[in-house]
Amino acid sequence: MTIATVTTDINIGPFRIPSNAQNMIMNNYAERNKLPVEIVIPEPIMSNQLATTKWLHTEFKFSKIILCSIHQLPKNLNKANEIINTFKDVEFHFAIEGIKGTGNKFIHECINESRVFENAQKIDSQEYDWVKLHKLLQSNA
Amino acid sequence: MKVFDELIRGKGYSIVDIENMDIFENLKNSFIEKMNIDKNEKNIDILRYKMTSMTKSEINKTMINLLSFSEASELMISSCKNIVKDLSGDELFIQRRAAIIFNLPGKDQRRQWPHYELMSGISPFTFVIWAPFHDLDDDGGVFYIEQPKSMEYIKQEHKDGLVNGPSILNIQTKEKPAKLKYGQAIIFNPFILHGNIGFASNLARIACSVRFQSSAKPLMQKNTDFLKYYKLN
């Protein structure tokens, strides 16, 4: 039974994290939680299907998979179900959110939460200053 | 709506009574259990006393360990459910991990220098709820600067191209820390300048804070790293 970390594209939902920083985040998480990582999987950029991880699972039978964020999970329902079926008993850890869990319910909750955040309105802080932000609160609260 | 008006158009903060003390008590007792000092000890003052002999690094380590106390955030919000609902509705983004903050008495202790919450990247629509786990009889609480004065400081620094610069950091305020009773909380908007001052006591100060906003309001720089979706029952 093996513990793996997985790096993906630099664009992770709202975050932009180069792969070496992804490794730093996951390794720090693993260390804090006393999880000895044995395999480091570089997924290709521009794909969130975790195809390499799925392929390697047949050989290594992962017990735990560490990712940086819930935003790295596939949003497509069919692809999400493939992940759930492939990794039925595997415990997923998301280092940035600091959450972990196993199975259908947990993964769907993570994907749904990622969607809620994806759909939320965003303020581009580069287009605002502190005074404008205060006005925004007072006029739109 | 009184609290809402006070937060948005008034002084920017409001002291409220915690609505459900059973939940808040549960939060406090769970915290004491997690501190693992004495399994049967439920008296917060004993813990406060023991904490005064901890080093700064031990305090810091303890605060980091408490980040795994993930239920704290929901317990804090649930203890003030209707107040939160009036301010932000029932579909929320709440802080994923509540902050449990210790302040030790005496000079040279770690303390939170003057700042406003927005500087961390939370949305301007976020409110902070802060509640001590005991009465605040000394100056171990937090001072708050009313919204018009806070905005004066912020605008002045903004003109100078600064954010939380020396004029804010060096604030010599006449404001005294709010002397809250156990069972009270303070809610404030993210533009309110606040901070700690050194204080004399035999006991440490322990408080819990959680940030929350309506999920219908826009986010700014904080995302799932800091917030989680939460629906009030």
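Two residues are in contact here if their C-beta atoms, placed from the backbone, lie within 7 Å. By that criterion, and leaving aside neighbours within four places in sequence, Ile129(B) is in contact with Met76(B), Cys80(B), Ala185(B), Ile187(B), Ser209(B) and Val210(B). The model is predicted, with an ipTM of 0.92 and a pTM of 0.93. For chain B the average pLDDT is 91, and 97% of the residues score at least 70.

**Nonpolar cores**

- The largest nonpolar core holds 60 residues, of which Met76(B), Ile129(B), Ile187(B) and Cys208(B) touch the most other members.
- Another core lies apart from it and comprises 24 residues, including Ala4(A), Val90(A), Ala95(A) and Ile111(A).
- In soluble globular proteins, nonpolar side chains tend to be buried together.

**Strand β4 of chain B**

- Ile129(B) belongs to strand β4(B), from which Phe127(B), Ile129(B) and Ala131(B) point one way.
- Val128(B), Trp130(B) and Pro132(B) point the other way from β4(B), and the residues of both groups are all buried.
- The strand, residues 127-132 of chain B, is accordingly described as mostly covered, with six of its six residues buried.
- In a regular strand the side chains alternate between the two faces of the sheet.
- β4(B) runs antiparallel to strand β8 (residues 205-214) of chain B, and six bridges join the two.
- Within that pairing, Phe127(B) has Phe212(B) of β8(B) as its bridge partner.
- β4(B) also pairs with strand β6 (residues 184-188) of chain B, in the antiparallel sense and over three bridges.
- Here the bridge partner of Val128(B) is Phe188(B) of β6(B).

**Contact between the chains**

- Chain A and chain B each bring 25 residues to the contact.
- On the side of chain B that touches chain A, at least two residues come from each of α7 and β9 (227-231).
- The element that gives the most to this side is α7(B), with four residues.
- By class, the side of chain B that touches chain A consists of 12 nonpolar, seven polar and six charged residues.
- Helix α5 (residues 130-140) of chain A and helix α7 (residues 147-159) of chain B have axes that come within 9 Å and cross at roughly 145 degrees.
- From α5(A), this helix contact involves Trp130(A), Val131(A) and His134(A); from α7(B), it involves Met151(B), Ile154(B), Lys155(B) and His158(B).
- Sorted by class, the residues of the contact of α5(A) with α7(B) are four nonpolar, two polar and one charged.

**Organisation of chain A**

- Chain A contains five helices and seven strands, and from the N terminus on its elements follow the order β-β-β-α-β-α-β-α-β-β-α-α.
- The C-alpha trace of chain A spans about 55 × 30 × 25 Å along its principal axes.
- Of its 141 residues, 30% count as buried.
- Among the contacts in chain A with a separation of 6 or more, 74% are accounted for by residues 24 or more positions apart.

**Lys79 of chain A**

- Lys79(A) is found in helix α3 (residues 77-86) of chain A.
- Lys79(A) counts as partly exposed because 17 other C-beta atoms lie within 10 Å, whereas a buried residue has 20 or more and an exposed one 12 or fewer.
- Not counting residues up to four places away in sequence, Lys79(A) touches Gln49(A) and Pro74(A).
- Pro44(A) is 35 residues from Lys79(A) in sequence, and their C-alpha atoms are 16 Å apart in space.

**Residues with positive phi**

- Most residues other than glycine have a negative phi, and most peptide bonds are trans.
- Lys61(A), a residue other than glycine, has a positive phi near 45 degrees.
- Lys61(A) is placed in the loop between α2 (51-60) and β5 (62-67) of chain A.
- Lys61(A) counts as exposed because it has 11 C-beta neighbours inside 10 Å.
- Asn164(B), which is not a glycine either, has a positive phi of about 45 degrees.
- The loop that holds Asn164(B) is the one between α7 and α8 (166-169) of chain B.
- Asn164(B) counts as partly exposed because its C-beta neighbours inside 10 Å number 18.

Technical notes:
Residues numbered from 1 in each chain as written. Chains lettered and ligands numbered in written order. Predicted model: local features only at pLDDT ≥ 70, side-chain atom pairs only at ≥ 80, totals over all residues. Core = buried A, V, L, I, M, F, W, Y, C linked by C-beta atoms within 7 Å. Axes fitted to C-alpha atoms, helices over the stretch in contact; angles between N-to-C directions. Nonpolar A, V, L, I, M, F, W, Y, C, P; charged D, E, K, R; others polar. Pairing = 2+ DSSP bridges. pLDDT = per-residue confidence, 0-100.
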